[in-house]
Amino acid sequence: MSSGGKGGGAKAGGGAKGGGGGKKKEVKKETKLGMAYKKDDNFGEWYSEVVVNSEMIEYYDISGCYILRPWAMEIWELLKEFFDAEIKKLKLKPYYFPLFVTENVLQKEKDHIEGFAPEVAWVTKSGKSELEAPIAIRPTSETVMYPYFSKWIRSHRDLPLRCNQWCNVVRWEFSNPTPFIRSREFLWQEGHTAFATKEEADEEVLQILELYRRIYEEFLAVPVSKGRKSEMEKFAGGLYTTSVEAFIPNTGRGIQGATSHCLGQNFAKMFDITFENEKGAREMVWQNSWAYTTRSIGVMVMTHGDDKGLVLPPRVAPIQVIVIPVPYKDADTTAIKGACESAVYTLNESGFRADLDTRENYSPGWKYSHWEMKGVPLRIEIGPKDLANKQVRIVRRDNGAKVDIPVDNLVDEVKALLDDIQANLLKTAKEKRDACIEVIHTWDEFTTALNNKRLILAPWCDEEEVEKDVKTRTKGDLGAAKTLCTPFDQPELPEGTVCFASGKPAKKWSFWGRSY
C-alpha cells in the first residue's frame with residue numbers, strides 16, 4: 001500500500017460559509033488538502049491515505065512497523081482508561097513481564113508454539129557475538145508467564161491469580177502489512193488468569209468478552225457479533241476461544257476484534273501449575289488468557305471513514321470540538337478571538353475535549369478541511385454575525401449538518417449533538433453491516449454470496465474436515481473463506497436442516513466469509 005499523499009479534494013480557502021457577511025479576507029495560496037482516493041473506488045489506498053493524512057501514523061523504515069502519532073495514541077489511552085478501570089473491578093492486578101523468552105521455555109507447549117512458529121522473531125546476536133542460544137521476542141506471553149505461575153500458586157488460597165499487562169508484542173507477519181490491522185509490532189493488553197474451577201474460568205471468559213463488545217460498540221461505535229471460534233480457528237493450545245467479530249462492508253471481509261480464551265488445563269499440565277485444594281489433594285488450575293489490540297483503531301477507521309478522511313466517534317475523539325474564528329475584512333478580530341476562547345474555556349470546564357485553532361497562516365476553509373480530515377466530531381465557527389447575534393455555528397462531521405445556537409445554550413447543545421453523533425455512527429454502521437448479512441443453505445448460494453462480499457450465515461455440521469474443504473474450494477486471489485465465529489445469538493435451526501457444504505445434518509449456524 002502506498003502511504004497516500006496530498007491530492008485533490010477540498011481547495012484552500014473553500015469550505016462552509018462562516019457566520020458573517022461581506023468579502024472574504026485575501027489569503028496566500030496554501031497546500032491543497034483532501035483525499036486522492038475514494039473509499040468505494042480503491043479501499044486499500046484510501047485507508048493508507050486516511051491514517052497518514054489524519055496524522056495517526058507515520059510509515060517507518062522497517063516494513064510492517066509504524067510510528068503511532070498522538071492522534072492514535074490518545075485514542076488508545078481513552079480505550080485503556082475504560083478497560084483498565086473495568087478489569088480492576090474484577091480484581092485484576094497489573095504486571096510487567098520481560099519481552100524475551102528462551103527457546104526451551106517457548107518450545108515447552110508444542111501445540112501453542114506451532115501455532116505461532118512462523119511469526120516468532122529471534123535475537124541471535126549481541127553486538128558481533130553469536131548468542132549461545134537464540135532468544136525469542138514474545139508473540140504472546142503464556143510461556144513467559146506460566147513458569148512463574150507454578151512458583152506463585154501453591155494452595156487454593158493463592159487462587160484466583162489474575163494479572164494483566166499493557167505491552168507490545170512482535171509477530172513477524174509477511175503477508176500484506178497494514179497499519180493497525182496487521183503489523184509486525186503492535187500494542188495490546190493481555191490478561192492471564194488461573195482459577196480453581198472450570199466454572200470460574202468460563203464465567204470470566206464471558207465477562208471479558210462483554211467488555212470487548214462494549215469497547216467496540218459503546219466507544220468505537222462498531223457493531224460486533226459475540227461468538228465462539230471453531231476448533232480450527234481457536235487459540236493454539238487452548239480449550240476454546242470466544243471472540244467479537246466485526247465486518248467491513250467495503251471489502252466484504254470479517255475482522256476479529258478481540259479474543260477471550262479458556263485455556264483449560266493444557267498449560268497447567270505443561271508448566272506444572274497445581275494447587276493443594278481444601279481437602280489437601282493436588283489439583284491443576286484452570287486458565288484463561290484474553291487480549292485486544294491497536295487493531296481496534298484500524299477497524300474504527302475502516303468502518304466510519306469517508307472521502308473527506310477520518311470520522312471519529314465522540315467518546316474516543318482526542319478533540320471532540322474544534323473552535324475556528326472566521327474573521328472577515330474589517331471585522332473585530334480581537335472580539336471574535338475572545339468569543340472563541342470563551343467557548344473553548346466553557347466547554348473544557350464542562351468536561352468536553354475542546355480546542356481552538358488560531359493559526360493565522362491558514363484560511364478558515366483550509367482549517368475546516370484539516371479538522372474534517374482528522375475526524376473531529378464537531379466544528380464551531382464564530383464570525384462577526386455570530387458575535388452580533390450572540391450565537392455560534394456548529395457543524396457535524398458525521399453528516400455535515402449545520403445549526404446556529406445561542407451561546408447561552410452551548411454546553412447543553414454540544415452534549416446533545418455529541419451523544420447523537422455517537423449513536424448515529426453505531427446505528428449507521430449496524431445498518432450497513434446488517435445489509436451485508438446473507439442467510440444461505442446451499443453451496444451455490446454460498447459461493448454467490450461470497451463473491452458479492454457478503455457476511456454469510458450458514459448451517460454447518462461443525463466438522464473440521466468440512467471447514468478445511470471449504471477453505472480449499474474457495475482458495476483464490478482474494479483469499480479463502482473460513483468460519484468467523486458461531487454466534488451466541490443462534491437463530492432457530494429447523495429439524496432436518498443440512499450443512500451447506502457437506503449435506504450432513506447441521507448442528508449450528510455459523511458466520512463465514514473472507515477475513516483480514
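A crossing counts as left-handed if the near helix is turned anticlockwise from the far one by less than a right angle, and as right-handed if clockwise. This is a predicted model, where local features need pLDDT of at least 70 and side-chain atom pairs count only at pLDDT 80 or more, while totals for chains, interfaces and linings use all residues. Residues are numbered from 1 along each chain as its sequence is written, and side-chain values use heavy atoms, with hydrogens and water left out.

**View A. Helix H1 crosses helix H8 in a right-handed way.** Here H1 (residues 43-53) and H8 (residues 295-304) come within 11 Å, axis to axis, and cross at roughly 115 degrees. (Helices are DSSP runs of H or I, at least four residues, and strands are E runs of at least two, numbered from the N terminus; axes are lines fitted to C-alpha atoms, for helices over the stretch in contact, with angles from 0 to 180 degrees between N-to-C directions.) On the H1 side look for Phe-43, Trp-46, Tyr-47, Val-50 and Val-51, which meet Gly-298, Val-301 and Met-302 of H8 (contact means heavy atoms within 4.5 Å). Sorted by class, that makes 7 nonpolar, 1 polar and no charged residues (Ala, Val, Leu, Ile, Met, Phe, Trp, Tyr, Cys and Pro are nonpolar, Asp, Glu, Lys and Arg charged, and the others, Gly among them, polar).

**View B. Helices H2 and H6 pack at an angle of about 150 degrees.** H2 covers residues 70-89 and H6 residues 198-219, with their axes 11 Å apart. The pair is therefore roughly antiparallel (that label takes angles over 145 degrees), and the crossing is right-handed. Leu-79, Phe-82, Phe-83, Glu-86 and Ile-87 of H2 meet H6 residues including Ile-208, Leu-211 and Arg-214.

**View C. Leu-79 of helix H2 is buried, at 0% relative accessible area.** Buried means under 20% and exposed over 50%, with partly exposed in between (1.4 Å probe, protein chains only). Leaving out residues up to four places away in sequence, Leu-79 touches Ile-215, Phe-219, Leu-220, Tyr-292, Ser-296 and Val-316. Val-316 sits 237 residues away from Leu-79 in sequence, yet their C-alpha atoms are 7.3 Å apart.

**View D. Helix H14 (residues 464-473) has Val-466, Glu-467 and Val-470 as its buried residues.** They span an arc of only 100 degrees around the axis, so they fall on the same side of H14 (the arc is taken from the directions from the helix axis to the C-beta atoms). Glu-465 and Thr-472 are exposed on the other side. The cover over the buried residues includes helix H13 (443-451) and strands E21 (455-460), E22 (482-487) and E23 (508-515).

How values were computed. Angles under 35 degrees count as roughly parallel, over 145 as roughly antiparallel, 65 to 115 as roughly perpendicular and the rest as oblique.
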